[in-house]
Amino acid sequence: MQRSTELADVLLREYDRRGMLLVPPVSADDLRQALVINDDVEHALLMEELGAGGSLPADLERVRMRFYESDEDDRRTIEALDGSRYDDALIESARRRLVDQLRAKRLRGAGPDETAVQSLVEAVRALRADQRALLARLGVEVAVEEAPAGLFHLLATTESARSRERVRLAWDAVGARRHGELVAAVDAVAAERSRAARRRGARSPVAESLRGSTIDERAVCRFLDAYLAQAIVSLDDLADELATALQGRGIDLPADIVLQHAEFAVRSLVDGDRARRWQLADVVDALRSLVRQCFALDLVTEDDRRFQLLTGDGTVIGHITVDFTDGRGVAHANHTVPTRNRHDGSPRRTSASRVSLGFPAEPGLTAQNVQSLMHEFGHALNHAFMRPGIPNLSGLENLPVELSETFALWFEKWPLRADWALLDDEARARIAMVKSVEYRRSALERGVIAALDLAVHTGDEVGIEDAFAAIAARHDFGARITLDDVLPSFGEPMFRARPGAHFAYLWGAVQACTAVAEERHALDCARDWSAAGNALPEPDPSVLFRWYRELVVLPRV
């Protein structure tokens, strides 16, 4: 309690200093200093909140309210900066950004009603509970949130094809019973988001998500149509390849049904569940070598969870903290929280970010854990490389949406490269085979989800059933995927941050695979993917599918 009280006193003094800096006339240096104070205080409060499990002590909560929830302070700041103009283009951009942010915040009453979102989350949880109950009747005990993983394990380890078919039919029947409830919940969320966007003066949620982007809605539609066309071809090719590979193992699963048994097929091709684990210290050593190799930066570790990024002359440019779940609570989605933006001016500030992983570090990391750690660490590096020199213009939140996942998706692919010493050839071949099948099998579903996310958030009040029917008619994917297959995805956290922007995961994946295929230098990737306003060529999805196809030639595995 004493510590939080002392911190509250320090932050309130910063509040008073910010107020004095923003009294007209506000010089360029005054504005820069005020923005640094904003970022410092936000960093301090966020770190305290994360350390306290998601809530602030009462005295720090009062500080937060005073700093960020004062309509009168916001009004005075807008008035002071509205009359200011700066010759320095960076400072002027920072002024406009702050004024826009404060005006948007004053319209917070025009935000969406979270009741609809909560109803959707509860509908998805009810579905997962039904699925868990089905698995329990079949002898598989898992947590509610892990029902899909439980199904995967059951299908992978069931030898009888007929039994696998019965399990799949029972699973689909559970989803069908919740169909109407989920459709209504998704439509209600999309409609509420569209109304809220119009109240804020935007045409649609998609238009809001694309603010600051170098692409428009038409470019996204072109990309998704090309992606879906490639995904269908790749899926059909995968069926032929899997059938041939299994036939070589004496397993008869024809191409027209083999994808319904993909879990079992993959397990058969990698000879069962020989799950290897890597110790965190070994992964950190390999990560340290990789950062040095790619970016000529030193990754200095205080322990296996806290890192500093240093340039060759010893200058610290970023701090990264990594948290693992203790394995006892409910698993959460992996995510990275930027806690302070980089500022190269005076006073200088290093970036800071916190990587939160939904799996424990002990008894070691699986191949999927390693790739997830690499992905989130890529976000943290991306955050450290954002350096326009002003706090409210740097950091991940200022990347255009189409670049928001690119760097992380590129960095996570290092475990699949022959020049990463952590994996031997056998481990890399097994991981590559699993990843190749996994991505190509799920690509159509990923593309349909992204296209639906875009369609229902264009502001045209299109229901998700009509949107799915239109996409299915345009791409003629038949029974390869159903609406029930994708409905639960809309309750996941990733769909709440930027409505209509799920395409970024696919756009970024294509950009990442293109860079790997072309053997682009890491520093060039960091430059292109760590700056707002970079207009890059529209990615070609065929490169991604070719890259995943060439990871492994299935009949030879």
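**Helix packing, sheet and pocket in the predicted model**

In this predicted model, Tyr439, Arg446, Gly447 and Ala450 of helix α16 are in contact with Phe503, Leu506 and Ala509 of helix α20. By class, this contact comprises 5 nonpolar residues, 1 polar residue and 1 charged residue. Helix α16 spans residues 425-456 and helix α20 spans residues 503-517; their axes come within 9 Å and cross at roughly 135 degrees. The helix α16 is therefore oblique to α20.

Helix α20 also takes part in a pocket: with 4 residues, α20 gives the most to the lining of the second largest pocket. The volume of this pocket is about 240 Å³. The lining consists of 13 residues, of which Gln511, Thr514, Arg520, Leu536 and Pro537 are the closest to the centre of the pocket. By class, 6 of the lining residues are nonpolar, 2 are polar and 5 are charged.

An open sheet is formed by 5 strands in the order β1-β2-β3-β5-β4, with mixed pairing. Strands β1 (298-301) and β4 (335-340) stand at the edges; each has a single partner strand, so one side of each is left without a neighbour in the sheet. From one strand to the next, the twist averages 25 degrees. Within the sheet, β3 (residues 316-324) and β5 (residues 351-357) pair in the parallel sense over 7 bridges, and Gly318 has Ser351 in β5 as its bridge partner.

Helices pack on this sheet. Helix α2 (residues 28-51) touches β4 and β5, and its direction makes about 135 degrees with that of β4. Helix α13 (residues 280-295) lies across β1, β2 (306-310) and β3, and runs at about 150 degrees to β1.

Technical notes: Residues numbered from 1 in each chain as written. Predicted model: local features only at pLDDT ≥ 70, side-chain atom pairs only at ≥ 80, totals over all residues. Heavy atoms only, no water. Axes fitted to C-alpha atoms, helices over the stretch in contact; angles between N-to-C directions. Helix = DSSP H or I, 4+ residues; strand = E, 2+ residues; numbered from the N terminus. Parallel < 35°, antiparallel > 145°, perpendicular 65-115°, else oblique. Contact = heavy atoms within 4.5 Å. Nonpolar A, V, L, I, M, F, W, Y, C, P; charged D, E, K, R; others polar. 1 Å grid on protein atoms, 1.4 Å probe; cavity = no way out; pocket = protein on both sides within 12 Å on 5 of 7 lines; lining within 4 Å. Points joined across faces, edges and corners; volume = space filled by probe spheres on them. Pairing = 2+ DSSP bridges.
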